[in-house]
Amino acid sequence: MLKGKLLKYFLIFAVIIPFVWGCNADTPRSAEEKKHEEMKNDFISQYVKDLFEGSDDTESSSDKYPTRAESAKVNKYNFKVRNKSDKVVCMYYFKSGKKIRSDCDSSGFHNAFYIVTTPNPGTDINGDGLPELIVQKYSGGAHCCFAYAIFSLGKNLKLIDTLFGEHSYFNFKDLDGDGKYEAIGRDWVFAYWSGSFADSPAPEVILRWKNGKYRLAVDLMKKTPPLEKDLYDKMPYISREGETYTIVSAVMIKLIYTGNGNLALQYCDWFWKNLYKKTPKQKLINQKNEFLADFKKQLKGSLYWLELKRMNGW
């Protein structure tokens, strides 16, 4: 497990800092496996959605590809994405016509860099009185990885924050009307945890600028918990024993990422008590304890773990 965590943080470093890393495609699945996973994902998605009625009625902002461009001008600054060679793409930064920085990618993926244009380049997204620029980096691969570099365009060009979107985008919107832009993305800490990528839950995260960095916007993420009669109305359908982790974790993750972590633990207890009626009680207790240990260990690997702890009062 330690090796897994080290690998994850190496990947984050590799994408955000030197901007040179790629991901491998998923292992091909049979048509039957794909159909089964699609049916299961539809069920899990609807089951979780029904518990939070009204919260997922529209497409998530984190699922929309941000608008982008390959060049921009802000005051004395100019920015251009150009091919340095057949396999190398670079993002160039100029001030008063002089190159002051360049970031290059040698993966051969031609769409490695983009300038985010929503909000417009030069918008003061964090309320510090200075214009900013957001640069998107995509490593290429099946569905990974996206990273975002945020530059301040004051007297000097300055990198002020980096966001790791991993398998999905970040979008930037002023959600609370305070003139500052929140960043909306997803947390992929559970990617491949209990199954394939298609089975992986990826809860939405909302970040706001605070103390010089983007951090969880707890008040914007918190939601009213579902009613007990809805949460415990019926056991979700499980066609295979191997699906247990995926299904119970989908509900628990939704609860935790909306500030209802203690309710998630209660749901876990209820779920296992009603899981397999013919299974000996002690075996079910052991299975639940094993699941919880694995689940908590994985959750602690989140980039947002400390903030999630505070949000849930743990």
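What pLDDT does the protein chain average, and what percentage of the residues score at least 70? In this predicted model, the average over the protein chain is a pLDDT of 81, and 75% of the residues reach a score of at least 70.

Where pLDDT is low, the predicted coordinates should not be read in detail.

The model contains an open sheet of 4 strands, paired antiparallel in the order β2-β3-β4-β5. Strands β2 (71-74) and β5 (98-105) each have a single partner strand and stand at the edges, so one side of each is left without a neighbour in the sheet. On average, and with direction ignored, neighbouring strands of this sheet are turned by 15 degrees against each other. Strand β3 covers residues 77-83 and strand β4 covers residues 89-95; the two run antiparallel and are joined by 7 bridges. Val81 has Met91 in β4 as its bridge partner.

A further detail concerns helix α7, which spans residues 281-299 and includes Gln298. The relative accessible area of Gln298 is 14%, which is under 20%, and the residue is therefore classed as buried. A polar atom of the Gln298 side chain lies 2.7 Å from the backbone oxygen of Val189.

Notes. Residues numbered from 1 in each chain as written. Predicted model: local features only at pLDDT ≥ 70, side-chain atom pairs only at ≥ 80, totals over all residues. Heavy atoms only, no water. pLDDT = per-residue confidence, 0-100. Pairing = 2+ DSSP bridges. Axes fitted to C-alpha atoms, helices over the stretch in contact; angles between N-to-C directions. Buried < 20%, exposed > 50% of the residue type's maximum accessible area, 1.4 Å probe, protein only. Polar contact = N/O pair within 3.5 Å; in protein donor to acceptor, adjacent residues only side chain to side chain.
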